Amino acid sequence: MKVSIIMGSTSDLEIMSAAFATLEQFGIPYEKKVISAHRAPALLAEYASTARDRGIDIIIAGAGGAAHLPGVTAAYTTIPVIGVPITGKAFGAMDALLSIVQMPSGIPVATVGANGAKNAALLAVSILSISNPELQARLQEFRQKQTEAIMNTEI
């Protein structure tokens with residue numbers, strides 16, 4: 001069980017680091033890489049098309065602006081791809097969100113909210129827990145702790 005976290009540039013690293021931390025919290029191994037759908041399309045094609053052979057089960061792809069990274073990645077693999085729209089300078093995260101969520105029929109990309117790298121990692125944990133009872137128990141414990149924190153909040 002392994003997750004790949006990719007992003008369009010190093011400027012996305014701060015946002016995507018929440019995915020690293022979340023996967024580490026659950027003990028899920030991951031690899032991380034900066035790869036551009038526009039500046040290195042052949043490299044992305046090879047990376048995505050060989051992901052399963054490298055033992056990758058899920059790819060989390062963060063991108064801003066035109067945000068083609070998640071969609072192009074999904075076009076080259078049949079493993080689940082989770083897109084993270086990253087806030088940019090021109091249109092906030094709206095351009096990235098629309099680019100990721102509006103995939104053509106037959107090439108799905110799961111999409112989380114703007115800058116939602118933590119939720120992308122939690123979605124990956126949920127998917128991986130389907131066939132892993134130990135991970136399912138850890139996810140249930142995580143959710144229970146969230147509930148307890150809310151219940152114990154005083155204002």
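These legends walk through several close-up views of a predicted model.

**View 1**

**View 2**
Which way do S1 and S3 run, and how many bridges join them? They run parallel, and 5 bridges join the two. Isoleucine 5 stands opposite isoleucine 60 in S3. Moving on to the next pair, S3 and S4 are parallel too, with 6 bridges between them. Here isoleucine 60 has isoleucine 82 in S4 as its bridge partner.

**View 1. Strand S4, covered on both faces.**
How many residues of S4 are buried? The count is 6 of the 6, so S4 is largely enclosed by the rest of the structure. In a regular strand, side chains alternate between the two faces of the sheet. For S4, one side carries Val81, Gly83 and Pro85, while the other carries Ile82, Val84 and Ile86, and all of these are buried. Strand S4 (residues 81-86) also pairs with S5, in the parallel sense, over 2 bridges. To find this pairing, look for glycine 83, whose bridge partner in S5 is threonine 111.

The model has 2 aromatic pairs. In one of them, phenylalanine 20 and tyrosine 30 have ring centres 5.5 Å apart and planes at 5°, so the pair is stacked. Phenylalanine 20 belongs to helix H1 and tyrosine 30 to strand S2, so the pair ties together parts that are 10 residues apart in sequence. Is phenylalanine 20 buried or exposed? With a relative accessible area of 8%, phenylalanine 20 is buried. Take a look at lysine 32 as well: it lies over the face of phenylalanine 20, at 4.7 Å from the ring centre.

**View 2. Arginine 54 and its partners.**
The model contains 4 salt bridges. One of them joins the side chains of arginine 54 and glutamate 31, at 3.0 Å from N to O. Arginine 54 sits in the loop between helix H2 (41-49) and S3, and glutamate 31 in strand S2, so this pair ties together parts that are 23 residues apart in sequence. The two residues fall into separate accessibility classes: arginine 54 is partly exposed at 31% relative accessibility, whereas glutamate 31 is buried, at 18%. Arginine 54 has a ring beside it too, lying over the face of tyrosine 47 at 4.2 Å from the ring centre.

Our last stop is helix H6 (residues 133-151), where arginine 138 and glutamate 134 are 4 residues apart, separated by about one helical turn. These two form a salt bridge, with their closest N and O atoms 3.4 Å apart. Arginine 138 is partly exposed, with a relative accessible area of 27%, and glutamate 134 counts as exposed at 55%. Further along, lysine 145 and glutamate 141 both lie in helix H6, 4 residues apart, about one turn of the helix. Their side chains meet in a salt bridge, at 3.2 Å from N to O. In this pair, glutamate 141 counts as partly exposed at 44% relative accessibility. Salt bridges also form a network in this model: shared partners join Lys2, Glu31 and Arg54 into one.

Key: Residues are numbered from 1 along each chain as its sequence is written. This is a predicted model: local features need pLDDT of at least 70, side-chain atom pairs count only at pLDDT 80 or more; totals for chains, interfaces and linings use all residues. Side-chain values use heavy atoms; hydrogens and water are left out. Two strands pair if DSSP finds at least two bridges between them. Buried means under 20% relative accessible area, exposed over 50%, partly exposed in between (1.4 Å probe, protein chains only). Rings of Phe, Tyr and Trp (its six-membered ring) pair if their centres lie within 6.5 Å; planes under 30 degrees apart count as stacked, over 60 as edge-to-face and the rest as tilted. A charge sits over a ring if NZ of Lys or CZ of Arg is within 6 Å of the ring centre and within 35 degrees of the ring normal.
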